[in-house]
Amino acid sequence: MAMIADQDHIWFEYTPRETSAAVAKMFEGYSGYVQVDAKSVFDVLFRAESADQAPTRIEVGCWAHARRKFWEACLAQSEVAREAL
């Protein structure tokens with residue numbers, strides 16, 4: 001799996017299989033914002049470790065898929081799509 005840590009760093013860690021256990025181990029001890037795709041192996045990152053504790057990581061979304069549809073509509077001369085972009 002490859003992770004972009006910030007503008008200047010990319011982190012790569014090889015795992016034979018992409019599993020929730022491997023993802024949890026990679027992010028062990030980390031708290032903060034995480035942007036991932038909708039693959040179910042990442043769900044483990046956003047669960048509270050116990051019932052009386054809030055999750056320590058906050059999932060942030062990616063607008064790439066939505067933006068792509070606005071771009072396609074913009075190519076079809078949509079004024080609304082151009083405004084959205």
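This is a predicted model: local features need pLDDT of at least 70, side-chain atom pairs count only at pLDDT 80 or more; totals for chains, interfaces and linings use all residues.

User: What makes Lys69 and Glu72 a salt bridge?

Analyst: The closest N and O atoms of Lys69 and Glu72 are 3.6 Å apart. The cut-off asks for a Lys or Arg side-chain nitrogen within 4 Å of a carboxyl oxygen of Asp or Glu, so this pair qualifies. As for where the two sit, they are three residues apart in helix H2, which means that about one helical turn separates them.

User: Why is Glu72 called partly exposed?

Analyst: Glu72 has 41% relative accessibility. Buried would need a value under 20% and exposed one over 50%, so Glu72 falls in between and counts as partly exposed.

User: How many salt bridges does the structure hold?

Analyst: There are three. One of them joins the side chains of Glu18 and Lys39, at 2.3 Å from N to O. That pair links distant parts of the chain, 21 residues apart: Glu18 lies in the loop between strand S2 and helix H1, and Lys39 in the loop between strand S3 and strand S4.

User: How do you know that Glu18 and Lys39 are partly exposed?

Analyst: Glu18 has 31% relative accessibility and Lys39 has 40%.

User: What makes Arg82 and Glu79 a salt bridge?

Analyst: Their closest N and O atoms are 2.6 Å apart; the limit is 4 Å, so the pair meets it. In general, side chains of opposite charge can pair when their charged atoms come close. Arg82 and Glu79 are three residues apart in helix H3 (residues 79-84), with about one helical turn between them.

User: One more: where is Ala64 found, and is Ala64 buried or exposed, or something in between?

Analyst: Ala64 is in helix H2, which covers residues 64-75. With a relative accessible area of 35%, between 20% and 50%, Ala64 is therefore partly exposed.

Definitions and conventions
Residues are numbered from 1 along each chain as its sequence is written. Side-chain values use heavy atoms; hydrogens and water are left out. Helices (H or I, at least four residues) and strands (E, at least two) are DSSP runs, numbered from the N terminus. Buried means under 20% relative accessible area, exposed over 50%, partly exposed in between (1.4 Å probe, protein chains only).
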